[in-house]
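Please keep the sequence and the 3D view at hand while reading.

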Amino acid sequence: MASTSKKPTHAAECLGVKVPDSPMLTPTRIERINAARYEGQEIAGALEVVQAGDKVLELGAGIGIVGAVVAKNAKPAKVLSFEANPGLIEHINALYKLNRLSTKVEVRNEVLISAPDAPKTMAFHIRNSYLGSSLIDSDTRATTRVDVPTADYAKIHKDFGPDVLLMDIEGGELDFLRHASLEGVRAIVIEFHPEAYGKDGMMECKSILERAGFAKVPGHCTRHVWTCTFDEGLRPPVPDGGWTTQIETLENAYVVPPTEQNFVQKAGILTSDGAYHASGALWRNGRALTIKPDLPKDDLPVRKGTWLWGGVLWMHFGHFLVESTARLWALEHLNEEIDGILFVPKRPRNGDEVNDFQRMLVGCMGTDAPLACAGAPERVERLIVPGQGFGLGPMITGTKEFRAAFAKRFGQDIKADGPEKLYISRSLLPAGRGNLIGEAELEAKLTDEGYTIYHPEKHDIRHQIATYKAAKKVIAAEGSALHMLAMVADRKADVAMIVRRPSGATRNIEVHLEAFSGNAPTTLTHLKRSWKPRGPAKPRTWMGELDMPALQESLIQAGFIGKGGKSWCALDPTTVQERLGSRFEEVA
């Protein structure tokens, strides 16, 4: 009697998804699929983060297993997959049909491009193993080139509105992340391919995700595969809203100062249950300088009352002004009395130290609240945590709320008192603080032009504010004093900044002045040479040698000094070398 047994409809099965036979299924691959080890990290991560009703965008469908497993088990509303290899589309659709998923999962034979001005087609390189096929043809293995149509990610992002991204595109993820908007995306599962773009490229991918506010899901991340979810509090501050403009109040919070002197430090706020309160972090240039601290183990002293979180307390005047004031905008929005403003030190060795200039500067915000610095971990009975409204990098413009609060409160009881023509000098600062070579000669020339030479470090905060308010023509050596000027300058004042070093700080000052006063400064870069202390030296210690004739001409053209005076002589190279001695070398 003939056998009536039917031929199996599938060759392998993974988490309820039947996989039909195809040329891509080797015995080893079948074994891995049956054991749920094939793309196991990606599948486990996706099932962790995809929720019922989600819209899932998959870049790199492979043979369709990951998208199908997600569609069957996580119950998303829709899975939209893109696969560049045309040889796989038939087998992917067969898998969807076999599992009755064709209405829930759609695959397109297109390359999804996030960069602007994408070509209509892109070359795709097919290797013997579909797993190694890629847009990148970077090794010696034999490939077959095909041209694949492209699709615009911006349009897909707008029309489809993905909640979750699944990405395994064999090295294409770096270029995709560089241009892609991740707005509205709640979770990402991504495989990195450092063999395509190196360790630095992989670090850039991870950095892009972290800057966009994505954090790794514990237990679902390895070096090469990340499952991460979006947390608004982990996103860098932006000046046009978000958590930067929000105020939260925490009960019985932990405040943890740093214990080591590093650029990035474990320090900040933990909630009463020990969770990290990310919006209390200090960010600079899109990077968090304070990260989650360890939960203190011992019983801690309790700071009674209601305190406003100030963040990191900098002893450096410029950094204090730009970074330690970043949350003071909340003083304009408090509806209750506070017992003080609480910081943690930047340098652990400073402990609970607070300086007079810091107290005076905060007092100029119209508050008599005391300042305190937590030199050791403590609990705070009530802690009001405003968002970071100001800072270096993109935050240098300040939020609208920050600018409004400073315009209304900062130095409002101080009357303008000082000369109309002002030169803000660095010539009395100690050597090694980034001086200008030739500044003494410049001061003499500007004195002849009716300018008063002003050394801000010789005056208290209130005197500086009064002086800057009165000035109508300001020339200044680039430095921290210009940040103070930006806070209080007359909106009609003209400002010229003389650059003294190659530094991103110059751009920060330009943007700060324009954002707060409404007028961009005239930036003058006239350096004959730059000098640095011998040996390793940070750019902030470099000194710029002024090109006096060129500087004179620019100041005349910008209307800061008059025409017809004597020409300014160039600095004598021999004299410059004698001043510097053997301690400095010319920067190549």
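In this predicted model, the side chains of Thr-575 and Asp-572 make a polar contact with each other at 2.9 Å.

**Aromatic pairs**

- A pair of aromatic rings is described by how far apart the centres lie and by the angle between the planes.
- The structure holds eleven aromatic pairs, and one of them joins Phe-192 and Trp-226 edge-to-face, with 5.7 Å from centre to centre and 80° between the planes.
- Phe-192 sits in the loop between β10 (187–191) and α7 (194–211), while Trp-226 sits in strand β12 (residues 225–230), so this pair ties together parts that are 34 residues apart in sequence.
- Phe-192 and Trp-226 are both buried.
- The ring centres of Phe-406 and Phe-410 are 5.3 Å apart and their planes meet at 35°, so this pair is tilted.

**Charges over rings**

- Arg-379 lies over the face of Tyr-254, at 3.8 Å from the centre of the ring.
- Lys-473 lies over the face of Phe-560, where the distance from the ring centre is 5.1 Å.

Technical notes:
Residues numbered from 1 in each chain as written. Predicted model: local features only at pLDDT ≥ 70, side-chain atom pairs only at ≥ 80, totals over all residues. Heavy atoms only, no water. Phe/Tyr/Trp six-rings, centres within 6.5 Å; stacked < 30°, edge-to-face > 60°. Helix = DSSP H or I, 4+ residues; strand = E, 2+ residues; numbered from the N terminus. Buried < 20%, exposed > 50% of the residue type's maximum accessible area, 1.4 Å probe, protein only. Lys NZ or Arg CZ within 6 Å of the ring centre and 35° of its normal. Polar contact = N/O pair within 3.5 Å; in protein donor to acceptor, adjacent residues only side chain to side chain.
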